[in-house]
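Let's take a walk through this structure together. Keep the sequence and the 3D view open as you read.

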Amino acid sequence: MKFTISKESLQQAIQQVQHVVSARTTLAILSNVLLRAKDGVLELTTTDLDVGVTCSVAAEVEEEGATTLPARRLATIIRELPSENIEISVDEKNVASIRSGPSFFKVLGLTSEEFPALPRFDDAREFRIDQQILRDCLKKTSYAISTDETRYVLNGILFSFKNNTLTMVATDGRRLAMVEQELEFPQSQEVDIIVPTKAVNELARLLGDLGEVIIRVTNTQVGFDLGDGLLISKLIDGNYPNYRQVIPGEAKERIALEREVFLKAISRVSLLASEKSNSVKFQFTPGQVEIIASSPDIGEARETIAINYKGASITIAFNPEFTMAPLRNLSADEVHLHLIDEISPGVLRTGTNFLYVLMPMRVNS
């Protein structure tokens with residue numbers, strides 16, 4: 001195998017696939033990246049047996065072939081090379097010679113035949129969506145994924161393909177983020193899947209602003225085909241809880257808030273939130289909201305924001321980090337907080353397709 005490639009192209013391709021590689025693995029081959037050169041294209045693949053990523057990049061291929069090389073070491077070498085052009089040749093013993101300007105490296109690889117084959121999607125359900133839209137949906141939900149491994153079905157995002165709508169949901173039991181996106185597909189394709197956190201993070205990294213992504217689903221696997229990139233992941237096996245029943249009914253108060261102003265105020269006030277209670281109080285009165293944090297050991301912080309509110313006075317406490325998370329990941333200038341009373345969950349909404357349910361905390365008077 002022998003090919004020439006630009007440093008920038010190879011570096012970007014390795015960056016896209018190397019995050020899947022586990023630092024601690026009992027199988028040496030899983031520390032390696034599979035390199036396959038053919039028809040003017042270099043294909044790089046990594047896997048940890050749960051998630052696999054493939055990236056294709058243009059290269060001048062002199063001799064076709066395949067090998068596997070240590071992924072992290074290769075990434076480090078490529079990053080440090082002095083010249084813009086890199087020539088890589090691999091002999092029959094999987095020893096790679098890397099040349100760039102005055103630099104020369106010899107790296108020992110393993111045969112490509114040992115590398116685990118990625119699953120095929122011959123009879124899969126298929127959905128198409130713009131990359132930018134899917135990336136936006138992930139951004140609006142992924143922060144609410146549970147990290148509690150005892151509730152493994154919550155360690156990912158639910159993708160529910162129903163009624164010509166893709167609904168994506170993430171929850172950790174104390175908050176829930178949900179986004180809905182219209183999508184055309186036949187009723188026979190309807191399915192619910194849970195995509196694990198690692199795959200969600202990799203997908204967010206791969207998605208761009210242009211082009212579409214083809215989502216292929218089997219009973220145990222999902223594939224996201226981005227054209228020059230492919231992500232394949234095992235699905236989380238289990239039934240996602242009924243998230244609809246967590247969404248509160250009709251709100252008594254609907255409060256419009258400037259997202260950026262509200263976010264920055266919470267951020268400042270929360271500096272003095274008690275570590276024990278980790279809550280911030282919101283006192284809504286006509287024309288304003290006062291945000292309060294107090295800690296018996298440290299002190300107190302207060303900030304008042306003028307708002308267009310004419311409803312009844314209401315005081316509710318939320319975890320400040322949970323309140324700020326959606327505000328950081330939304331782009332709308334204005335958000336609406338829907339409240340029923342001081343002990344019911346609050347709902348943050350923007351537009352018609354996003355909502356965020358937040359459990360209140362006990363208010364210390």
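What follows is a tour of a sheet, the helices around it, and a few residues beyond.

A word on the ground rules first. This is a predicted model, where local features need pLDDT of at least 70, side-chain atom pairs count only at pLDDT 80 or more, and totals for chains, interfaces and linings use all residues. Residues are numbered from 1 along each chain as its sequence is written, and side-chain values use heavy atoms, with hydrogens and water left out. Helices (H or I, at least four residues) and strands (E, at least two) are DSSP runs, numbered from the N terminus.

Let's begin with the sheet. Eight strands make up an open sheet, in the order β6-β2-β3-β4-β17-β16-β15-β10, and their pairing is antiparallel. Two strands pair here if DSSP finds at least two bridges between them. At the edges sit β6 and β10 (125–130), each of which pairs on one side only. Ignoring direction, neighbouring strands of this sheet are turned by 15° against each other on average. Helix α1 (residues 7–18) packs on the sheet and touches β2, β3 and β4 (51–58); its direction makes about 170° with that of β4. Another helix, α3, packs on the sheet as well, touching β10, β15 (212–217) and β16 (221–225), and its direction makes about 90° with that of β10. Contact, in all of this, means heavy atoms within 4.5 Å. As for the angles, axes are lines fitted to C-alpha atoms, for helices over the stretch in contact, and angles run from 0 to 180 degrees between N-to-C directions.

Now zoom in on strand β2 (residues 32–38). How many of its residues are buried? Five of the seven are, which leaves β2 mostly covered. (Buried means under 20% relative accessible area, exposed over 50%, and partly exposed in between, using a 1.4 Å probe and protein chains only.) On one side, β2 pairs with strand β6 (residues 65–70) in the antiparallel sense over six bridges, and there Asn32 stands opposite Pro70 in β6. Strand β3 (residues 41–47) also runs antiparallel to β2, joined by five bridges, with Arg36 opposite Glu43 in β3. β2 and β3 form a hairpin with two residues between them, and Asp39 in the turn has a positive phi of about 50°.

You'll find Phe115 in the loop between β9 (103–108) and β10. Is Phe115 buried or exposed? It is buried, because its relative accessible area is 8%. Not counting residues up to four places away in sequence, Phe115 touches Ile29, Asn32, Leu34, Thr45, Thr46, Thr47 and Thr68.

Back to the helices. The axes of α1 and helix α2 (residues 71–80) come within 10 Å and cross at roughly 150°, so the two are roughly antiparallel to each other. For such angles, under 35 degrees counts as roughly parallel, over 145 as roughly antiparallel, 65 to 115 as roughly perpendicular and the rest as oblique. The crossing of α1 and α2 is left-handed, meaning the near helix is turned anticlockwise from the far one by less than a right angle (clockwise would be right-handed). Lys7, Leu10, Gln11, Ile14 and Gln18 in α1 meet a set of α2 residues that includes Ala71, Leu74 and Ile78.

The next pair is helix α3 (residues 131–141) and helix α4 (residues 197–206), whose axes come within 10 Å and cross at roughly 135°. α3 and α4 are therefore oblique to each other, and α3 passes α4 in a left-handed crossing. Gln131, Leu134, Arg135 and Leu138 in α3 meet Val200, Leu203, Ala204 and Leu206 in α4. Those residues divide into six nonpolar, one polar and one charged.

Arg259 sits in helix α5 (residues 259–269) and is buried, with a relative accessible area of 11%. Strand β22 (residues 314–318) has five of its five residues buried, so it is largely enclosed by the rest of the structure. In a regular strand, side chains alternate between the two faces of the sheet. In β22 both faces are covered: Ile314, Ile316 and Phe318 are buried on one side, Thr315 and Ala317 on the other. Strand β19 (residues 280–285) runs antiparallel to β22, joined by five bridges, and Gln283 stands opposite Thr315.

Key: Nonpolar A, V, L, I, M, F, W, Y, C, P; charged D, E, K, R; others polar.
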